[in-house]
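Student: I'm new to this one. Can you show it to me and take my questions?

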Amino acid sequence: MIHTKLANFSDDFLWGAASAAYQVEGAWNEDGKGLSNWDQFVRIPGKTFKGTNGDVAVDHYHRFEEDVQLMKEMGLKAYRFSVAWTRVLPTGKEEVNEAGLEFYDKLINELIKNQIEPILTIYHWDLPQALQDEYGGWESRQIVEDFTNYSVLLYKRFGDRVKYWVSLNEQNVFTSHGYKLASHPPGVKDDKLFYQVNHHANLANASAIKAFRKYVPDGKIGPSFAYGPAYPYSSKPEDILAFENVEEFNAHWWMDVYAWGEYPKVAWNYLESKGLAPKLEDGDLDLLKEGKPDFMGLNYYQTGAVEHNPLDGVTESGHFNTSGKKGTTEDRGIPGLYKSIKNPYVETTNWDWAIDPTGLRVALRRIESRYRLPILISENGLGEYDTVEDGEVNDDYRIEYIHAHIRAIREAVTDGVDVLGYCVWSFTDLLSWLNGFQKRYGLVYVNQDEDGDKDLRRMKKKSFYWYKDLISKNGNV
C-alpha cells in the first residue's frame with residue numbers, strides 16, 4: 001500500500017544504538033574475566049580477517065564514560081549492550097566475579113545519569129570456554145540450568161534499573177555458523193547436532209524468560225532474531241515453493257518457537273524424515289510455551305532471493321564474503337528445498353549484502369501478521385569502508401542507508417505495526433567478528449585497524465550529526 005501521509009513515531013520511541021561485549025570492550029583477560037569461546041577461536045589461524053581478535057577491540061571497557069558522553073551529545077534515548085558472561089562468571093557458573101558486575105553497574109548508572117535507557121543483552125555469542133570444555137556448551141542440556149542461573153544473577157543485580165532485556169542474540173546465527181558452517185566457534189559441521197544444539201538454546205531462552213517474570217516483573221524481555229525476509233526469484237510455482245521452504249526453515253523454525261512454543265509442522269516432518277529432528281524430552285514443549293516474550297527483537301540487514309534447488313543442486317558450502325571483495329559470494333542452499341540467487345532489483349554492499357529498505361517493512365509486517373507481538377529493531381546498519389579525510393568521515397552512504405530504513409519503519413508503523421524502538425548497529429566502530437576492523441558500522445569512527453597499534457581516538461562521523469538531528473525531530477523527517 002502507498003500512504004499519502006505517514007504516522008509519526010510515538011513520543012516514547014526508543015532511538016538507540018547497539019554494540020556487543022566482545023566487539024567493543026577489549027580487556028579480555030583483565031579484572032578476573034575468564035576465557036570465552038571467541039577468545040580462543042580467534043587464535044586459530046585463518047578464522048578471522050588478518051587474524052584480528054577482540055583482545056583490545058575498541059577499548060570500551062576503559063573508555064565507557066567517554067563513549068556515554070558521546071551518546072549524550074547525540075541525544076541517544078537507548079543503548080543496547082551485552083554482558084560478557086565470563087566477565088561476571090569466569091567459568092560460566094558458581095564463582096562470581098564482583099569486579100565484572102561492578103563494571104556493568106558503572107555502565108548502567110552512567111547511562112541512566114545521562115537519560116539513556118539501558119537495553120541489556122544477556123548473550124551475544126561469547127560462551128564461557130570452560131563450559132564448552134566441560135560438557136560441550138550448547139551441545140548439552142546442562143547449558144539450560146547454567147544459562148538460567150547466569151541470567152538470574154543479572155536480573156537480581158541490574159533488574160532494579162534495567163527494564164529492557166534481550167535474552168539471546170541471533171540464535172539462528174550462532175547455532176548455524178557454529179554447527180553447520182564451522183565459521184564460528186566451536187567450528188563444527190554436523191547437521192544433526194546443529195538441530196539439537198538449537199533445541200537446547202530454545203530451552204535456555206524459555207527458561208530465562210520464565211525466570212525473568214519473577215525477578216523483573218515490571219520489565220520487558222525478548223530474543224533478537226536475525227531475519228532476512230526471502231523473496232521468490234520468479235512466479236514459477238517451484239520458486240514459490242522454494243520461498244515457502246526458506247521461510248519455514250530460516251524464519252518460522254525460530255520465531256514460531258519464541259512466540260508459541262511450537263516447532264512448525266512442515267519443517268519438523270521434513271527433519272524427522274531425514275533423521276535430523278532434535279530429541280525432545282518430557283516437559284520440553286511445556287517449558288517452551290512458558291517462555292513467551294514481551295516483544296520480538298529484530299536484527300535486520302538484508303533480504304534474499306531464492307529459487308528451486310534440485311536434489312543434486314547447490315549446498316551450503318558456497319563461499320561467504322568476509323573479505324569485502326564485492327561479488328565473491330557464491331550461491332548456497334539445501335538440495336530439494338531452496339537455493340539463493342542474486343536479486344537483480346537491489347544494490348549490494350562490498351560484502352555482497354543486499355541493500356533493501358523495503359525489506360525491513362516486509363519483515364515488520366510479516367512478524368506483526370504472524371505473531372502479534374511488539375517489535376524492537378535491535379540492529380540495523382551499514383558495514384562499509386570508511387576513510388578519514390582532513391579529520392572528517394563523510395559517510396553519506398550510511399546516512400542514505402539509515403534514512404531509507406527509518407522511512408520504511410515509519411511506513412510499517414502507518415501500516416499498523418507496533419515498533420518499540422530502533423537501534424543502529426553500531427554506535428562506535430567495532431570488531432566485525434570475522435571481518436576485522438575494515439568493515440565499519442559506527443556513527444563514531446574509532447582509530448583502530450588490523451595492525452592494532454592505533455590510538456583508538458573517537459571521531460564523530462557525518463552520520464553522527466545526522467542521527468542526532470533525526471532524534472531531535474523524533475524521526476519525523
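Predicted model: local features only at pLDDT ≥ 70, side-chain atom pairs only at ≥ 80, totals over all residues.

Student: How many helices and strands does the protein have?

Tutor: There are 15 helices and 16 strands. Both are DSSP runs numbered from the N terminus: helices are H or I with at least four residues, strands are E with at least two.

Student: What share of the residues is buried?

Tutor: Of the 477 residues, 61% count as buried. Buried means under 20% relative accessible area, using a 1.4 Å probe and protein chains only.

Student: OK, cavities. How many turn up in the whole structure?

Tutor: Seven of 30 Å³ or more. On a 1 Å grid over the protein atoms alone, a cavity is a set of points where a 1.4 Å probe fits but cannot get out; lining residues have an atom within 4 Å of a point. Points join across faces, edges and corners, and the volume is the space filled by probe spheres set on them.

Student: What volume does the largest cavity have?

Tutor: About 80 Å³. Its lining includes Trp38, Trp125, Phe174 and His184. Helix H2 (37-41) and helix H8 (171-179) each give two or more residues to that lining.

Notes
Residues numbered from 1 in each chain as written. Heavy atoms only, no water. 1 Å grid on protein atoms, 1.4 Å probe; cavity = no way out; pocket = protein on both sides within 12 Å on 5 of 7 lines; lining within 4 Å. Buried < 20%, exposed > 50% of the residue type's maximum accessible area, 1.4 Å probe, protein only.
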